[in-house]
Amino acid sequence: MKVGRRAFIGFVAGAVGGTLLSPLPWKLADDIAIWTQNWSWRPSPERGHRAAKKTICTLCGGGCPIEVDFIDGKRAVYARGGDWGICSLGASAVQYLYAPYRVQTPLKQTKKRGDISGFKPITWNEALSEITQKITKLLGERKGHSVACITGQKYSSIFDLWKQFLRACGSKNVFSMPDSFDCQRAVSRAIFGADVTFGFNLADVTCVLSFGAEWADGWGPRAPMAKVASGWFSENPGKPVTEVIHVSSRLSMSAAKASEWVAVKPGTEAALALGIAHVMIKENRFDPIVREYAGFEDWTDLSGKERRGFKDLVLKDYTPEKVEKITGVEAQKIVEIAHSFAKHPKAVAIWGQGTGGPRSFYDESVFVTLNLLKGNLEKGLFHLKGNVPVAPLPAIEDEVVETAPRLEVAADWKIPFGEYSYPLYPFLDAVASQKGYPIELLFVQEANPVYCLPESGLVKEAFSKIGMVVDVTSFMDETAVNADIILPAPVMLERWDDVYGLPVFAQSMYALSRPLINAKYDVRHPGDVILNIAVKVGGTVKTALPWRNYTDYLKFRIKGIADSGRGAITNRMDELVSVSTVKKNFGDMESLWRELSKGKIWFDVPPSAYEIIGTDNGKPQFSITALGEAEMKIEKDELLLPHYEPFVVSKGSGGEHSLLLMAYNCGFISTGYLPNSYLMMKNIWDFQLKGDDIFVEINPATASKLGFREGDMAVLKTVKGEARVRVHVVPSVPKGVIGIPKGFGHGAYDVFVKDKGTNANRMVEIHVDPVTGLGIEVVTGAKLVRA
Amino acid sequence: MSGHEEHKGGVRYGMVIDLDKCTGCMACAIACHQENNVSFRTDETDKTRNIAWMRFYLLENGKDYPEYSFAYLPRPCFHCDAPHHAPCTFVCPVNATQRDERTGIVNMIYPRCIGCRYCMVACPYHARSFNWWDPKWPSPMEEMLNPEVSTRMRGVIEKCTFCHHRLNRARDKARIAGEDPDKVEYTPACVEACPTGAIVFGNLLDPESEVAKLAKSSRAFTISAKLETYPKVYYLSSKPWVRKLADKGL
Ligand code: SF4
Ligand code: SF4
Ligand code: SF4
């Protein structure tokens, strides 16, 4: 037998250095004797019967069935997925339950905001009375509109409860934390005349053309996406491997897994899509049905003005040669990709942004047109998602409570499709620059905007102008630290919640997450917090929210589903992603509630697109007439069509920030409300974080130009901030681009995550999309200098 | 001939990990470390000192942008099946690590371990971690510890056990049900967690098992096969550059 270590060290370059190189000398024998007797203080977990309980995971809004193992029903020790497995976040569920940084009782800031030593425990009654007094005072002054909310739970009924609560106060200022799907409703409004999100039949495709949809790095629900994608790569008899073409600038895991990775210049994915559309239209390899869609050919607008159609725009302005100049992809390659996409009978185009948020309105409408050219609406591969028929909340008429316009409108932001998005950045900008009207009371619920939002500087500035910040949260995070009152929430496993699932798949779904264990601390469900305050405020606010508690409210919602008779319930996850027919298999509200609490999921097939499309002629349209109707004087024809709109990077004075900083997400790093769990920190690569230093990725060519070697310390500067970093030399990014991972550099929680690296959000720049008002993060001008 | 083929008819638990399917989500490692009470420290970035049963290695194709590519390789203990001894069991002076010849699982008897770390040096795959410190869970995290797996103390070695306690549980259940405990099937935590189905586990000696079939597929390979350690963890990949790295340096 030959045993050698060298080979494997060669194999795993960059791996563990080897035990013999360990800095500690080998211990002496007596030391060994001490070690082996070190027993008494080793934790010895209490024994008992281990058994699993089922619930639904709500950590990302995905709604995966999970099982949690308990010892004697009392201690949670382990979380597993259903037949779909689980993701890193879900698998960490019990770590969040027992996290030492949980908030255990209501807290009030007694010193300056942001000073963690100033928090003093108060009772629930004290906390809610103080908030109620504030609201009552504002209502008395007819300033109910100055109450606002940012929730982290967009895919749950609590979002509508916040809307109802604020509406009853006279405010429309309800926002949610951004994600990849925020722009879809606006695009859908423009092209389909319907306010819906999109769904894809990803389980039944032969080709996926992904424009920055980082499906292995956090786009969509992680576990189900991973499962669906594994189907793409499985070679089964009779089912060929799915061709996955990934278009992006940085080689992410999603790009590395793809059959082919097409590297484009940052932010130019939509131009490439238009190049592909050009080839398809020119060679007549598209579904002829699009000829019937308004705006494909040249068209006349309402004022009688002749306008260019999409066909003319694409044929003239997006030839492969022109697109090569924009994207850096060779013209010949563009033709080849177009041929591949055109040839596949079942090819879909999906999209996203490596930085995690939405893309621009025009970008996203371009990606939709590729699906139209493929006839994917007719083929059932691309869907307008049906709603979940939960009971709507009772309407509050203007005669009863008058609302002021949303803050960004009052601050004179002209956002034509702001109604279909939640334009958080214009809101924050108005707060920070004190335009419109002041925000006197901000509720933040299970979100961590101070850490998670790109351009943290703006967020902090806005917070400093807000009268009172109430944070309903389970954790002592950065936003909690910057709040005036902290209301502790139970975590998943301790509470009831519902979840609609992230858009992505064609089916609509609805699930219930039930509590598996008594709440550990003096916590209240955020929904109960809203209802408690409503009762205390009284009047219209109370009558608008007639539920005794949040569970009653959830039952009210579920009754809507039961009464609709639509859909079916299942515990088979495959039914949720592949479109089939459904047959109702549940009874009234009570029985549906029982089935859902056992972990079954309600789902429904997407309706026919033509039932939803609300355009004049009942067909999709390329011409974005709604923009013209929004009384915007639009001269340039292409602004009324899906097209590529270049973005401008701020390069600082004299163009000194000539490199491009690109933040990225990873499937094994948490960048949202939840920090990386204790065991997630174990998995972080030592070329992403070493000690407290974060690494930025640069190409070997950039490294040699700037004189950096692997591991060198550097200072990263952008127009937004500055940070000490280390350099990781790797060809995952092109020359001139700096990659930085998100999810590090927390300023709160505990020593296991605090001050580890830098928060990329502090360094990056946001572009506000003029059509939707959404904050778009692409790249930021930067420079890297020796430390 | 691989080591475990000598044990025809018996049980040889093994694993196949499909590197083309694995998306590097690392849920397997979280599940493993959660299930097995693997401790953590404030700084987990020194990979020569931290404890990980399921560790990741980076494979790169060596090319420049945009031809560059990479893959992650999840690495449990390979439960080497070299005749008579695994590299690690061979060197242990106190029999603290042994291979159970009924199952092929290389186990650790922590109280016996004297911390000499010979096995750590002998293991060509860095599968073993040493407890440089006493494990400590910040309060109240001790509540999440799994009583089926004992915690380890300063001065001992630990590593992946193929979730051996789950096998014991399955065997007990079989005995109570009057079934043959040697025929049981069970699922380690990592396998159960994996959302892509990249990890397959089972009896390599059962020709009908999926794991045995996959281990014989043309896409299968082991790491540093020429060391003749006979790993019972196989990898799958269709990518020539990934497969080539498995042999590099031999
Ligand atoms: S994908 Fe989302 S819902 Fe599913 S286990 Fe992970 S966090 Fe939970
Ligand atoms: S991988 Fe290492 S620790 Fe595991 S059996 Fe082989 S030599 Fe021993
Ligand atoms: S859980 Fe599966 S897909 Fe995720 S890293 Fe582990 S082997 Fe890979």
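Which residue in β8(B) does M15(B) stand opposite? In this predicted model, the residue facing M15(B) is F201(B). The strands concerned belong to an open sheet of chain B, in which four strands follow the order β8-β1-β10-β9 with mixed pairing. Because β8 (199–203) and β9 (220–221) of chain B each have a single partner strand, they stand at the edges of the sheet, and one side of each is left without a neighbour there. Strand β1 of chain B covers residues 13–18 and is joined to β8(B) by five bridges, the pairing being antiparallel.

A second open sheet is found in chain A. Its four strands are arranged as β19-β20-β22-β21 (chain A), and the pairing is antiparallel. The edges are formed by β19 (497–499) and β21 (568–570) of chain A, each of which pairs on one side only. On average, neighbouring strands of this sheet are turned by 25° against each other when direction is ignored. Between β21(A) and strand β22 of chain A, which spans residues 601–604, there are three bridges, and these two strands run antiparallel. A568(A) has F603(A), in β22(A), as its bridge partner.

Two helices of chain A are in contact with this sheet. Helix α23 of chain A, residues 550–564, packs on the sheet and touches β19, β20 (508–513) and β22 of chain A. The direction of α23 makes about 150° with that of β20(A). Helix α25 of chain A, residues 589–597, lies across β20, β21 and β22 of chain A. The angle between α25 and β20(A) is about 80°.

The contact between the two chains was examined next. Chain B contributes 102 residues to the contact and chain A contributes 97 residues. The size of an interface is often given as the accessible area lost when the parts come together. For chain B and chain A the buried area is about 8700 Å², with 64% of it on carbon and sulfur atoms. Of the area that chain B buries against chain A, 9% is supplied by I30(B), Y65(B) and P147(B), more than by any other three residues. Five salt bridges are found by the rule across the interface of chain B and chain A. A salt bridge also links R50(A) with E148(B), whose closest N and O atoms are 2.7 Å apart.

Key
Residues numbered from 1 in each chain as written. Chains lettered and ligands numbered in written order. Predicted model: local features only at pLDDT ≥ 70, side-chain atom pairs only at ≥ 80, totals over all residues. Heavy atoms only, no water. Pairing = 2+ DSSP bridges. Axes fitted to C-alpha atoms, helices over the stretch in contact; angles between N-to-C directions. Contact = heavy atoms within 4.5 Å. Buried area = accessible area lost by both parts, 1.4 Å probe. Salt bridge = Lys/Arg side-chain N within 4 Å of Asp/Glu carboxyl O.
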